[in-house]
Amino acid sequence: MLNLERLRTLYAVSRHGSVSGAAEGLHVTTSAVSQQLAKLERETGQQLLAKNGRGVRLTDAGRLLADHAARILSQVELAQADLEAQRGQAVGELMMGAFPTAVRGIFPDVLSRLRIAHPKLRARLQEMEPDESVPAVVRGDIDLAVVLDWYNKPLPMPDGLVKAALLDDPVDVAMPADHPLADREAVDPEEFADDEWISWPQGGFCFDWLMITLRGKGLEPRICHTAREHHTQLALIAAGLGVAVVPRLGRGVVPEGVRVVPVRQHTMRRHVYAIWRADADRRPSIRAAVDVLRGVGERFGG
């Protein structure tokens with residue numbers, strides 16, 4: 001029996017034209033793609049890839065199977081969607097993923113509302129960063145993800161996904177309460193050129209956004225400390241160890257000794273949205289979750 005995950009990998013190679021492109025599109029390593037394809041070749045008893053210069057190409061058998069894979073994967077999604085739509089109710093299990101501040105900021109309310117409005121739906125949540133949740137949606141490991149990007153740094157989105165805007169999340173600059181700018185009504189990030197900065201870990205999507213944004217304003221920040229969680233960043237700020245850009249979603253209570261001041265540029269914000277596979281668009285459970293997510297997002301102020 002053909003393995004769906006391996007068919008999905010072969011289809012990604014066909015769509016992207018290379019193993020590296022497939023790996024990027026699926027958000028996995030090239031080694032993982034190669035391993036899946038080697039297993040698929042053993043399952044089928046056919047050579048599916050052939051060397052082509054420094055890259056690879058699909059053999060005739062590979063192209064044939066990739067064409068079938070596209071139809072099979074689409075039909076699996078449509079079958080699940082049609083079965084749910086035929087019942088006309090949001091039932092069964094719905095697997096969702098979301099980044100940490102969304103989990104903390106909106107999902108307690110989202111999950112409670114779903115439980116009340118759709119008691120036969122078993123909504124499940126996993127905390128996942130977008131670089132984990134996007135490929136999980138593509139692979140079918142989860143049904144829906146809540147992800148983010150920034151006003152000047154879009155999140156790369158593979159083909160075959162649908163997205164719905166949920167809210168915009170403004171950012172503030174957090175600083176020690178005795179900072180010279182702590183009593184201001186609004187600030188510009190470039191006013192902190194002489195400060196030490198606290199940031200997300202290097203190499204992450206949000207770290208890259210911060211560096212692009214501050215450098216675009218003529219500021220080369222001195223990143224002295226990094227922390228993944230905003231609560232940890234705020235604790236470092238309370239100790240007088242630097243300043244940080246801190247979004248409002250899921251922030252919670254600001255600790256004593258920290259002052260947060262809005263950024264003067266109102267466009268400086270995160271965009272938060274839900275994504276799911278286009279083939280699953282007719283599933284009542286997807287529609288129910290998106291409706292609840294939008295309602296909670298509107299209440300947040302997005």
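Biologist: How do the residues lining the largest pocket divide into nonpolar, polar and charged?

Modeller: In this predicted model, the lining splits into 15 nonpolar, seven polar and eight charged residues. The classes are set by residue name: Ala, Val, Leu, Ile, Met, Phe, Trp, Tyr, Cys and Pro are nonpolar, Asp, Glu, Lys and Arg are charged, and the others, Gly among them, are polar.

Biologist: What makes it a pocket, and how much space lies in it?

Modeller: About 690 Å³, taken as the space filled by probe spheres set on grid points that are joined across faces, edges and corners. A pocket is an open set of points on a 1 Å grid over the protein atoms alone, with protein on both sides within 12 Å along at least five of seven lines; a cavity is a set where a 1.4 Å probe fits but cannot get out. Lining residues have an atom within 4 Å of a point. Of the 30 that qualify here, Glu129, Pro130, Asp131, Gly204 and Phe205 are the closest to the centre. Helix H2 (19-26), helix H5 (100-105), helix H7 (130-139) and H8 each give two or more residues to that lining.

Biologist: And which residues are closest to the centre of the second largest pocket?

Modeller: That one holds about 310 Å³. Its 16 lining residues have Tyr11, Arg15, Val138, Gly160 and Asp279 closest to the centre, and helix H1 (4-16) and helix H4 (60-87) give two or more each. By class that's eight nonpolar, two polar and six charged.

Biologist: How do you know how far H8 reaches against what is expected?

Modeller: The expected span is 1.5 Å times one less than the number of residues. With 12 residues, H8 reaches 16 Å from first C-alpha to last, close to the 16 Å expected. Glycine 218 follows H8, with a positive phi near 80 degrees.

Biologist: What makes the pair of threonine 213 and asparagine 152 a polar contact?

Modeller: The rule asks for N or O atoms within 3.5 Å; within protein, one must be able to donate a hydrogen and the other to accept it, and residues adjacent in sequence count only if both atoms are side-chain atoms. Their side chains come in at 3.1 Å, so the pair passes the distance test.

Biologist: Which side chain does threonine 101 have a polar contact with?

Modeller: Arginine 270, at 3.1 Å. Threonine 101 is in helix H5 and, at 6% relative accessible area, is buried.

Biologist: Is serine 18 buried, exposed or partly exposed?

Modeller: Its relative accessible area is 23%, so serine 18 is partly exposed. Serine 18 sits in the loop between H1 and H2, and a polar atom of its side chain lies 2.9 Å from the backbone nitrogen of glycine 21.

Biologist: What are the ground rules for the numbers?

Modeller: Residues count from 1 along each chain as its sequence is written, and side-chain values use heavy atoms, leaving out hydrogens and water. Local features need pLDDT of at least 70 and side-chain atom pairs 80 or more, while totals for chains, interfaces and linings use all residues.

Notes: Helix = DSSP H or I, 4+ residues; strand = E, 2+ residues; numbered from the N terminus. Buried < 20%, exposed > 50% of the residue type's maximum accessible area, 1.4 Å probe, protein only.
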